[in-house]
Amino acid sequence: MTELKMNRRSFLKSAGALAAVSCLPVSMVELAFADQKKNFTFAYISDSHIQYITGGGFVRNWDRGLIRAVAETNLLQPKPDFVVFGGDLAQLGMKEELDHGAEMLAKLNYKTYCVMGEHDYYLDLGEYWSKLYGPHYYSWDHKGVHFITLNSIITYDEWTHERWPTAEQPMLEMAGLDNPNGSPFMVGEEQRKWLAKDLEKVKKDTPVVLFSHSPIQKIYKGWNFWTEDAEDVHALLKPFDDVTVVYGHVHQIQYNQIGNISLHAVMATAWPWPYPQSYAQAESHLPKLTVPMNRADPFFERDATGWQFINMASGRVAMSYNLYNNTNRTVAFDPKTGTPRDSAYQNSENRIPPQTHY
Amino acid sequence: MSKKIAGAALMAIVLAMIVGRFTVKADEFTKEDLERWQNEYMSVVEKGRALWVSPELGTNGVACAQCHPNAANTHPETYPKFQQQLGRVIALRDMINWCILNPLEGPTLALDSAEMIALEAYILFERRGVELAPGKH
C-alpha cells in the first residue's frame, strides 16, 4: 500500500485505533517529546480503611474500593513503573485489617511502595505495618527523579506515650477525624534531620517527589488537614527546582503551589470527605487554586472515590484522577503559570454546580 | 341550653382565676429557666454526638462520623427537599435512616424515637447559624 492509496479496510482499522486513543485520558498517552529519562508513569492508590467487624468479616464497601483500584491499576496501558499506596490501609491498625489489605495489595502486578497513615500507626506505633512494608520513611531514585516517603502522622510524645490508659486508646482517639481529643500531625525533628541529610546528595535540578499521608501544608487543623511543621519541611525542599508533594488523608481533590513546591492530594478508595468549608463552625484554608471534586452522591457507593495515574514526563506530576461515577479529572503542572492546573475546570466559567460545596 | 353553656363558661373562668393564683404565669421565665432549658437541649445534642461516632448504631462498625465529620455535608437546612435519587420530597430523618440502612447496614430508627431526635439535634447544632434553604440541592 502506498501512502496515497489507502483502502477502506485499512482506513477503518486506523480510524478505530484513533477512536480508542481518543477515549483515554490525556495523561495516559505518553509524551514523545519529553525527556526520555523522566518519561515514565506510576499509579497511586490510597486510604482504603479496611475495617474489621467484631466477630469476623470486613466492611464490604471499603473492601470493594480497594479490590477495584487494584484490578484497574493492573489493566493500565502504558504500564506504570510502580505503584504507591498512600496510607490508611487499615481502619484501626489491627493485624487482621493490615493482613487483609496486604493480601489485596499483593495482587498488584507492580512494585509497590507504601506510606504510613495514622490508621496504620497508632495501635502499635507502626510495628506490624513495618513487618509488612519495612521502614517508616525512606527514599529511592528512579529514572532521574528522587522519590522520598515520610511518616508525617506522628505527633507530640506526651500525647502518644503519656496521656492514655491503654495502648488501644491513642488509636481510637486518632481514628476520629473530628475528635477534639486528637493531636496535630507532624514530621518531627528526627525525620527532618534525615531528610536534610538525604537531600545533600541530590542535585538541585533533579526533580524531587515527596509522598506523605497528611498534607504538608495547613488547610484545616480541626480535621488534621494539616502538618504542624510543614514550613520546616518546605525550607528543606526550597533549594530544588522542581518539587512535588503528593498526599492522602483528605479523601478529596486538592492542589496548591507554595513557592517552588507543587502539592497534590489523592482520592480515597473507601469514602470521600467533605471539604472543610462545609463545616459551618470552622474556618478553613482550602487552596484558592483548587477546583473541588463534585459533591458526593451517596446513592452511588463508589462515587467520589477513585485512584490516580501519574505521568512524570515534565519532571512534575501530571495527575489523572480515575473517578468511578464522574468525569475523570486531570491536574497537571503548567510551566506557563508555574502551578498545577485542572485541564477542564480551572477557568471559573467552566465550573459546574456539583463543584459548589456548602 | 344557651343558659347552660353560659353558666359552664362562667364557672370555667372563675375556676381558672382561682387556680391561676397558684401557678406560674405562662409568659414569664427566669434566667435560671433559660439555663435549664439550654442544658436539657445540650444533653440531647451530646447524646446525638455519642450516636454519631458510635460503631453500634449499625451492624458493621461504621459510624456516621466516618463520612460526615462534625456532621458536615448533611445540609439539614435544605430539608424537606426533593431527594432526586428517591424521586420525592423527604425529611432529614428519612435520609438519616437511609444512611443507617445502607452504609451502616443497620436497622432503621422509628422516626419519633429518642435516638432519631438526638441525631437531628446534633446535626442541627453543628449547622447553627446557617440560613434556612428548604428545597436547595
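What percentage of the 137 residues of chain B count as buried? In this predicted model, the share of buried residues in chain B is 26%. The legends below describe close-up views of both chains.

**View 1. Overall make-up of chain B.** Chain B holds five helices and two strands. In sequence order these elements follow the pattern α-α-α-β-β-α-α. When contacts in chain B between residues at least 6 apart in sequence are considered, 62% of them link residues at least 24 apart.

**View 2. The contact between chain A and chain B.** Chain A contributes 18 residues to the contact, and chain B contributes 17 residues. On the side of chain B that touches chain A, helix α3 (residues 64-67) of chain B supplies the largest share, three residues. Sorted by class, this side of chain B consists of eight nonpolar, seven polar and two charged residues.

**View 3. The largest nonpolar core.** This core has 110 residues. The members that touch the most other members are Tyr44(A), Val84(A), Phe85(A), Val246(A), Ile310(A), Val317(A) and Leu119(B). Helix α5 (residues 114-126) of chain B gives the core its largest share, five residues. Leaving aside residues up to four places away in sequence, Ile310(A) is in contact with Thr41(A), Phe42(A), Tyr44(A), Val317(A), Ala318(A) and Met319(A).

**View 4. The six-stranded sheet of chain A.** The strands of this open sheet are arranged in the order β4-β5-β6-β7-β9-β8 (chain A), and their pairing is mixed. Strands β4 (138-142) and β8 (255-258) of chain A each have a single partner strand and stand at the edges, so one side of each lacks a neighbour in the sheet. From one strand to the next, the twist averages 20 degrees.

**View 5. The seven-stranded sheet of chain A.** This sheet is open, with mixed pairing and the strand order β3-β2-β1-β10-β11-β12-β13 (chain A). At its edges are β3 (112-114) and β13 (339-342) of chain A, each of which pairs on one side only. Direction ignored, neighbouring strands are turned against each other by 20 degrees on average. Four bridges connect strand β11 (residues 318-323) of chain A with strand β12 (residues 329-334) of chain A in the antiparallel sense. The bridge partner of Tyr321(A) in β12(A) is Arg329(A).

**View 6. The packing of α8(A) against α9(A).** Helix α8 (residues 188-200) of chain A and helix α9 (residues 230-237) of chain A have axes that come within 10 Å and cross at roughly 10 degrees. Angles under 35 degrees count as roughly parallel, and α8(A) is therefore roughly parallel to α9(A). On the α8(A) side the contact is made by Arg192(A), Leu195(A), Ala196(A) and Leu199(A), which meet Asp232(A), Val233(A) and Leu236(A) in α9(A). The contact of the two helices comprises five nonpolar, no polar and two charged residues.

View 7. In chain A, the peptide bond from Gln77(A) to Pro78(A) is cis, and its omega is near 0 degrees. Pro78(A) sits in the loop between α2 (60-74) and β2 (83-85) of chain A. In chain B, Tyr79(B) and Pro80(B) are joined by a cis peptide bond with omega about -5 degrees. The loop that holds Pro80(B) is the one between α3 and β1 (81-83) of chain B.

View 8. Asp88(A) is not a glycine, yet its phi is positive, at about 60 degrees. This residue, Asp88(A), belongs to the loop between β2 and α3 (95-105) of chain A. Asp88(A) has 29 other C-beta atoms within 10 Å and is buried. Ala71(B), likewise a residue other than glycine, has a positive phi near 60 degrees. Its place is in the loop between α3 and β1 of chain B. Ala71(B) counts as buried, with 26 C-beta neighbours inside 10 Å.

Key: Residues numbered from 1 in each chain as written. Chains lettered and ligands numbered in written order. Predicted model: local features only at pLDDT ≥ 70, side-chain atom pairs only at ≥ 80, totals over all residues. Contact = placed C-beta atoms within 7 Å. Nonpolar A, V, L, I, M, F, W, Y, C, P; charged D, E, K, R; others polar. Core = buried A, V, L, I, M, F, W, Y, C linked by C-beta atoms within 7 Å. Buried ≥ 20, exposed ≤ 12 C-beta atoms within 10 Å, placed from the backbone. Pairing = 2+ DSSP bridges. Axes fitted to C-alpha atoms, helices over the stretch in contact; angles between N-to-C directions. Parallel < 35°, antiparallel > 145°, perpendicular 65-115°, else oblique.
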